[in-house]
Amino acid sequence: VTSLSLAYRTTERLAVNWTVPPDTRVSEYTYRITVTNGTGTDAYSTEQGQHEFEVTGLQPGIRYNLTVNSVTPEQTQSAPEAVQGTTNPSPVTNLSLVNRTTESLTINWTLPVDTRASVYGYNITVTSSTGDGPTGSYWTGPEESVFQVRGLQPGVSYNLTV
């Protein structure tokens with residue numbers, strides 16, 4: 001196996017793909033995928049000829065180590081190829097505008113409830129819906145669920161994302 005890479009990720013899934021070996025029997029190979037994190041290891045096998053795999057049932061915001069080995073019909077395994085991937089953190093919910101003045105907007109949201117949520121930081125992006133006025137990106141620390149954007153222009157409509 002060569003060119004092992006992370007194809008995509010979600011809060012609960014990591015998908016990998018790879019280049020199959022340049023071998024005349026490659027169509028007979030299956031592939032062993034081993035997934036580890038700090039608390040355990042799981043192993044999976046593909047069908048013959050498959051060169052991608054999606055691991056499901058993972059936890060949000062966790063780094064995983066994934067290795068892939070070629071396996072012959074005789075169960076001989078190649079040296080492993082490895083890649084690391086981190087699942088996406090859980091998103092915030094219930095984003096709301098709670099206060100506005102002529103030059104500021106205050107928003108709040110509900111924090112995620114997954115096992116890593118206590119260490120998440122939050123990126124607040126501010127853009128003007130018309131292209132006028134200031135824009136920016138701001139960070140808040142873990143367990144913060146309220147943010148005030150200041151220095152805005154009166155009468156301008158803004159989009160805020162967390």
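**Salt bridges**

I counted salt bridges first, taking one as a side-chain nitrogen of Lys or Arg within 4 Å of a carboxyl oxygen of Asp or Glu. The count comes to three by this rule. The model is predicted, so I kept to its limits: local features need pLDDT of at least 70, side-chain atom pairs count only at pLDDT 80 or more, and totals for chains, interfaces and linings use all residues. Residues are numbered from 1 along each chain as its sequence is written, and side-chain values use heavy atoms, with hydrogens and water left out.

I looked up Glu54 and found its salt bridge with Arg13, where the closest N and O atoms are 2.7 Å apart. The pair links distant parts of the chain, 41 residues apart: Glu54 is in strand E5 (residues 52-55), and Arg13 is in the loop between strand E1 (2-9) and strand E2 (14-19). For the labels, helices (H or I, at least four residues) and strands (E, at least two) are DSSP runs, numbered from the N terminus. For accessibility I used relative accessible area: buried is under 20%, exposed is over 50%, and partly exposed is in between (1.4 Å probe, protein chains only). Glu54 is partly exposed at 29%, and Arg13 is partly exposed at 36%.

I then turned to Arg25. Glu28 forms a salt bridge with Arg25, with the closest N and O atoms 3.0 Å apart. Glu74 also forms a salt bridge with Arg25, and there the closest N and O atoms are 3.0 Å apart. Glu74 sits in the loop between E6 and strand E7 (81-86) and Arg25 in the loop between E2 and strand E3 (30-37), so this pair ties together parts 49 residues apart in sequence. Through shared partners, Arg25, Glu28 and Glu74 are joined into one network. Which of these residues counts as exposed, at 52% relative accessibility? I noted Glu74; Glu28 is partly exposed at 32%, and Arg25 is partly exposed at 28%.

**Asn69**

I placed Asn69 in strand E6 (residues 63-71). Asn69 counts as buried because its relative accessibility is 8%. I checked for polar contacts (N or O atoms within 3.5 Å; within protein, one able to donate a hydrogen and the other to accept it, and residues adjacent in sequence counted only if both atoms are side-chain atoms). The Asn69 side chain reaches the backbone oxygen of Ser78 at 2.8 Å. With neighbours within four places in sequence left aside, contacts of Asn69 (heavy atoms within 4.5 Å) include Val1, Tyr31, Gln77 and Pro80.

**Nonpolar cores**

I defined a nonpolar core as a set of buried Ala, Val, Leu, Ile, Met, Phe, Trp, Tyr and Cys residues joined through side-chain atoms within 4.5 Å. The largest core has 18 residues, and Trp18, Tyr31, Ile33 and Leu66 have the most contacts inside it. E2, E3, E5 and E6 each give two or more residues to this core. Beyond four places in sequence, Leu66 is in contact with residues including Leu4, Val16, Val35 and Val83. A second, separate core of 14 residues includes Tyr122, Val126, Leu152 and Tyr158.

**Three-stranded sheet**

I traced an open sheet of three strands in the order E11-E10-E13, with antiparallel pairing; two strands pair if DSSP finds at least two bridges between them. Strand E11 (136-140) and strand E13 (158-161) stand at the edges with a single partner strand each, so one side of each has no neighbour in the sheet. How many bridges join strand E10 (residues 122-128) to E13? I found four, with the strands running antiparallel. Thr125 has Thr161 of E13 as its bridge partner.
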